[in-house]
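Please keep the sequence and the structure in view while reading.

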Amino acid sequence: MDSSLIFLTFSLFFASLPLTLQQKFPITRAPVYNSGALSKNPAGEFDYKYHSSFKYSMALIVSLPIGTPPQTQKMVLDTGSQLSWIQCNRKLPPPTTAFDPSLSSSFSELPCNHPICKPQIPDFTIPTTCDQNRLCHYSYFYADGTLAEGNLVREKFTFSPSRVTPPLILGCATNSADAEGILGMNLGRLSFVSQAKVPRFSYCVPARNSQDKTINPTGTFFLGPNPNSRNFKYINLLSFPEAQRKPNFDPLAYTIGLVGIRIGGKKLNISTAAFRPDSGGSGQTMIDSGTQYTFLVDAAYGKVREEVVKLAGAKLKKGYIFGGALDMCFDGNAAEVGQLIGQIAFEFGNGVEIVIDKERNLDDVGGGVHCIGIGRSESLGVASNIIGNFQQQNLWVEFDLSNRRVGFGQGNCSS
C-alpha cells in the first residue's frame with residue numbers, strides 16, 4: 001500500500017489504497033493466542049513450519065515473538081502493507097503491551113545515512129527524515145489530525161533460542177494510539193515476507209457470530225506449508241507493464257484475475273475490463289487481509305447494486321450509508337433479506353470462486369441495520385477492486401510467493 005507520503009484514516013474506517021497510501025475499513029483490536037515454531041535446515045536457512053491462532057473481529061491480529069529475549073507483540077496481518085511496525089509507545093494504558101527496546105540485545109536503530117532513509121527509494125515511499133539524534137525517523141499523518149511516528153529499526157523475530165530470523169527492518173512507533181502494530185505482508189522488498197524470505201503463508205478467517213458480535217472467533221495462520229493445501233485451487237498472480245501501473249496501480253499488491261460476479265445464481269452483465277487495469281492502472285483487482293469489506297469500481301458496483309435493488313429493493317433503507325461507503329443496507333430481518341438476494345459469488349480463472357452464502361452476505365452494523373459487505377471504491381477515493389476479509393470468512397487463503405500464485409480452499413475456520 002505505497003504511493004503517497006500520507007496515510008489516511010477515517011473515524012469509521014480504514015481500507016487499502018494503491019501503494020502505501022492506506023485507508024482501512026473498521027479495524028477492531030482483539031487478543032491472539034500463538035503456537036508453533038520454525039526449524040532450520042542444514043544450510044542454516046529457515047524451513048517455515050510456524051502456525052498461530054488469532055481472534056477475528058474486523059482484523060486478523062497475530063502475536064509474534066520479537067527481540068532477544070522475545071517480547072510478544074500483537075500485529076495486524078496486512079497483505080496490503082509493506083512496512084511492518086511494532087508499538088513502542090509505553091505511555092499507552094493496559095492492556096496494550098509496548099515493545100521495550102532496552103530489554104532486547106538484538107535491537108538497533110537505523111542511522112540517517114542508511115540507504116533506506118534516503119528519499120526516492122524505489123518501491124518504498126514512506127516519508128523519512130533525520131531526527132536530532134541522526135536517526136532515521138518516519139511519520140504517518142492521519143486525516144483526523146493524529147500522527148503515528150517513530151524510528152526505523154532492525155530487530156529479530158525470536159521463535160526459540162535456536163530459531164531466530166536475521167535482523168529485519170521495521171518501524172518502532174513511539175507516537176501512535178493504535179493498540180497493535182502492522183505485519184506488512186505485501187510483495188515489497190521491505191515487507192516481512194520478503195525480508196524473512198517466507199516462501200508461502202496462509203490464513204483461515206473464521207465466521208463471525210451474527211447473533212453476538214462481542215464473541216470474536218479464532219482463526220489460524222501459517223508461515224510455510226499448510227497441511228490443507230492439497231485441497232486448494234490456485235490462480236496465478238498477475239503482472240502488468242510499467243506503462244499500466246500509474247497513477248492508480250499498486251505493483252506490490254496481490255493482483256488476481258476477477259472475471260465475473262454472480263448474485264442468486266445469475267451472472268451479472270459486467271465487462272471483464274472492469275476487473276483489469278486500464279492504461280492508468282484503474283481496475284486492478286487485489287486480495288487484502290487488512291481491508292474489512294469488498295470494494296468495487298463503478299462499472300462493477302453499479303451492476304451489483306442494480307441487481308440487489310431488483311431482488312430486495314422494497315426492504316432497502318433509503319438514503320442510508322454506513323461509514324460513508326456501504327449503501328446497500330436494510331432494516332429488519334437480515335435472514336429474510338439474505339434469502340431474497342441469495343448467494344454472491346466472485347469468479348476467477350481456473351474454476352476458482354469465492355462464494356458467500358446468503359446467510360453471510362449482510363453484516364450487522366448496529367442499530368438493527370444490516371448492510372451487504374460490498375461498497376463503491378470511489379467512496380474511498382480508490383480506483384481498484386479490493387476483496388476484503390469479510391468475504392474471506394470460512395475460506396483458506398494461501399499466498400504462494402515461490403510460485404507467484406494464490407490458493408483458495410473451503411474450511412470450517414472456527415473449528
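Cys-117 counts as buried at 9% relative accessibility, where buried means under 20% relative accessible area, exposed over 50% and partly exposed in between, with a 1.4 Å probe and protein chains only. The model is predicted: local features need pLDDT of at least 70 and side-chain atom pairs count only at pLDDT 80 or more, whereas totals for chains, interfaces and linings use all residues. Residues are numbered from 1 along each chain as its sequence is written, and side-chain values use heavy atoms, with hydrogens and water left out.

Cys-117 forms a disulfide with Cys-136, the sulfur atoms being 2.2 Å apart; a disulfide is here a pair of cysteine sulfur atoms within 2.5 Å. The torsion about this S-S bond is about 105°, so the link of Cys-117 and Cys-136 is right-handed. Because Cys-117 lies in the loop between β8 and β9 and Cys-136 in strand β10, the pair ties together parts that are 19 residues apart in sequence. Strands (E, at least two residues) and helices (H or I, at least four) are DSSP runs numbered from the N terminus. Cys-136 is also buried, at 0% relative accessibility.

The count comes to five disulfides, and with bonded cysteines counted along the chain their pattern is 1-6, 2-4, 3-5, 7-10, 8-9. One of them joins Cys-204 to Cys-413, with 1.7 Å between the sulfur atoms. At -60° about the S-S bond, the link of Cys-204 and Cys-413 is left-handed. Cys-204 belongs to strand β16 (residues 200-205) and Cys-413 to the segment after β31 (405-410), so this pair ties together parts 209 residues apart in sequence. Both Cys-204 and Cys-413 are buried.

Helix α2 covers residues 298-312. Its 15 residues should span 21 Å at 1.5 Å a residue, and the end C-alpha atoms are 20 Å apart, which agrees; the expected span is 1.5 Å times one less than the number of residues. The buried residues of α2 are Ala-300, Tyr-301, Val-304, Glu-307, Val-308 and Ala-312. Seen down the helix axis, these residues fall within an arc of 130°, so they line one face of α2; the arc is that of the directions from the axis to the C-beta atoms. On the other side of α2, Ala-299 and Lys-310 are exposed.

The backbone also deserves attention. Arg-134, in the loop between β9 (128-130) and β10 (136-141), has a positive phi of about 65° although it is not a glycine. Arg-134 is exposed, with a relative accessible area of 57%.
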